[in-house]
Amino acid sequence: MDYILNIMGPLLEGTAVTLQVFGATLVLAVPLGLALALIRLSRFRAASTAVAGYVWLMRGTPLMLQMLFIYFALPFVPVIGIRLPDFPAAIVAFVLNYAAYFAEIFRAGIQSVGRGQYEAAQVLGMSRAQTMRRIILPQMVKRILPPMSNETITLVKDTSLIYVLAMNDLLRAARGIVQRDFTTMPFVVAAAFYLVMTLLLTWGFMRLEKKYAVYDD
Amino acid sequence: MPSTTTEPMIRAAHLHKRFGDHEVLKGVSLEIGKGEVIAVIGPSGSGKSTFLRCLNQLERIDRGEIVIEGETLVTTDANGHCRYAPDKEARRICAKMGMVFQHFNLFPHLSVLGNLIEAPMTVKGLSREASVPVAEELLRKVGLFAKCDAYPSQLSGGQKQRVAIARALAMAPDIMLFDEPTSALDPELTGEVLRTMRQLADEHMTMLVVTHEMAFARDVSTRTVFMDGGDIVEAGAPGDLFGNPQQPRTQAFLNHMR
């Protein structure tokens, strides 16, 4: 027990890094994903196709590779090449990657709302933007909660990938202690930390689902 | 252009519409005067719903002209090109018409009251304080004031359709379009919807009703229009059309309906 209390300090510091990556990614990738979904569904063919290509690229290559590319290779790319410190590089990679997945979830949610809803809004005089904001998106939210719950839980665990940029997230902190003390106990504690985080997320999404259960489609 | 007093509420002239190879409307023309209640009857696939949906731009016509209360929604130039009013203008013109759908299309995420005040607030920019009393009054009128806070999924089909009628009326339209408003209802629920529509007709609302309810067409409409094969075959006072149809196709349809 004393040992666990002893390693708590570095593990909590690691958890803080994990939560920062998680939080920043969520806050930035959700709006970007929504924008991508709306462009994907827009009438502008070229823009829609470009987003489809973007999603393919982001889902088709490993997140770790994307992170390594942004950190190590981006500085050498002409014109847009800039050198990012490790934390911003990780965030950029996570946001670009997760926005692609979110975009697909949002697109599915938007497309699951029937044509009758658009027609009802149209005959009441609502513009496309008003229809989207007031009628379609609120209904989308209810439908995307289960896949969003999935994706955010995956994100919690994906944050452990930032070890490749030598950042001390929860898992890397645990591994450091394991290698130092020759005991696997830190892995067990780290697992418990991840489980607590995902439990909180699961609980939060359950509450949201309950809130939206007041109406049926 | 004549003054607005002689201008009909809706003037549709030579409407053509095709879906792929199938020509759904083959030059439909109809004028609707103020306070008229027009029932459009005909076999399924006759183009009657498409005709209605063209009037408020749910479908775009390929050729023809639609004028609503003297304002041109769409016209066809000498080269045969359809010219619609600009987007915002077209929306304003179409807002003179309320519409009720076969499948209600209520907004499931909003309460009954929310369904009624949504458009007055977002489209007309009215305050909540201004919209709610109007909405409540309309709900009283359709007998559903008690359901203010209910969600659409908690209502029966007949109640949903009455809410849909109230929602359309909340925008204070001059004309009401009904697209088979009772076709999705259990037979025992059609009566309450038809009663609400009859009440509207009694208040001299201009109405265009696509329906399979022959009794409603016969008893409530001021003019009945029979459509078949993408065009109007026969139109007239319901007494004449039902009692003494002139066209063989009308006779065959009415015989079949009996």
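So, let's start where helix 4 and helix 6 of chain A meet. On the helix 4 side we have Y98(A), Y101(A), F102(A), I105(A), F106(A), G109(A) and I110(A). Facing them from helix 6 are I136(A), M140(A), R143(A), I144(A), P147(A), M148(A), E151(A) and L155(A). Please keep in mind that this is a predicted model.

What is this contact made of, by class? It has 12 nonpolar residues, 1 polar and 2 charged. For the geometry, two packed helices are described by the angle between their axes and by how far apart those axes are. Here helix 4, residues 86-111, and helix 6, residues 128-158, of chain A pack at about 145°, and their axes are 8 Å apart. The crossing of these two helices is right-handed.

In total, 19 residues of chain B are in contact with 19 residues of chain A. On the chain B side, helix 2 (87-94) and helix 3 (112-122) each supply at least two residues. The largest share comes from helix 3 of chain B, with 3 residues. By class, the side of chain B that touches chain A has 11 nonpolar, 6 polar and 2 charged residues.

Let's step back and take chain B as a whole. Its secondary structure comes to 9 helices and 11 strands. The radius of gyration of chain B is 18 Å, close to the 18 Å the globule rule gives for 258 residues, so chain B is as compact as a globular protein of that length. The C-alpha trace of chain B spans about 50 × 45 × 40 Å along its principal axes. Of its 258 residues, 47% count as buried. And if you take contacts in chain B between residues at least 6 apart in sequence, 62% of them join residues at least 24 apart.

Next, the sheet. In chain B, 6 strands form an open, mixed sheet in the order 7-8-9-3-10-11. Which strands sit at the edges? They are strand 7 (97-100) and strand 11 (231-236) of chain B, each pairing on one side only. From one strand to the next, the twist averages 20°.

Strand 10, residues 223-228, and strand 11 of chain B run antiparallel and are joined by 5 bridges. If you want a pair to look for, F226(B) stands opposite E234(B) in strand 11 of chain B. Helix 9, residues 248-257, of chain B packs on the sheet and touches strand 10 and strand 11. The direction of helix 9 of chain B makes about 100° with that of strand 10 of chain B.

Why does L25(B) count as buried? Because 26 C-beta neighbours lie inside 10 Å of L25(B), and the cut-off for buried is 20 or more. Leaving out residues up to four places away in sequence, the residues L25(B) touches include L15(B), H16(B), F51(B), C54(B) and G230(B). The C-alpha atoms of L25(B) and R63(B) are separated by 9.8 Å, with the two residues 38 apart along the chain.

Key
Residues are numbered from 1 along each chain as its sequence is written. Chains are lettered from A and ligands numbered from 1 in the order in which they are written. This is a predicted model: local features need pLDDT of at least 70, side-chain atom pairs count only at pLDDT 80 or more; totals for chains, interfaces and linings use all residues. Two residues are in contact if their C-beta atoms, placed from the backbone, lie within 7 Å. Helices (H or I, at least four residues) and strands (E, at least two) are DSSP runs, numbered from the N terminus. Ala, Val, Leu, Ile, Met, Phe, Trp, Tyr, Cys and Pro count as nonpolar, Asp, Glu, Lys and Arg as charged, and the others, Gly among them, as polar. Axes are lines fitted to C-alpha atoms, for helices over the stretch in contact, and angles run from 0 to 180 degrees between N-to-C directions. A crossing is left-handed if the near helix is turned anticlockwise from the far one by less than a right angle, and right-handed if clockwise. Two strands pair if DSSP finds at least two bridges between them. A residue is buried if 20 or more other C-beta atoms lie within 10 Å of its own, exposed if 12 or fewer, and partly exposed in between; C-beta atoms are placed from the backbone. The radius of gyration is taken over C-alpha atoms; the globule rule is 2.2 Å times the number of residues to the power 0.38.
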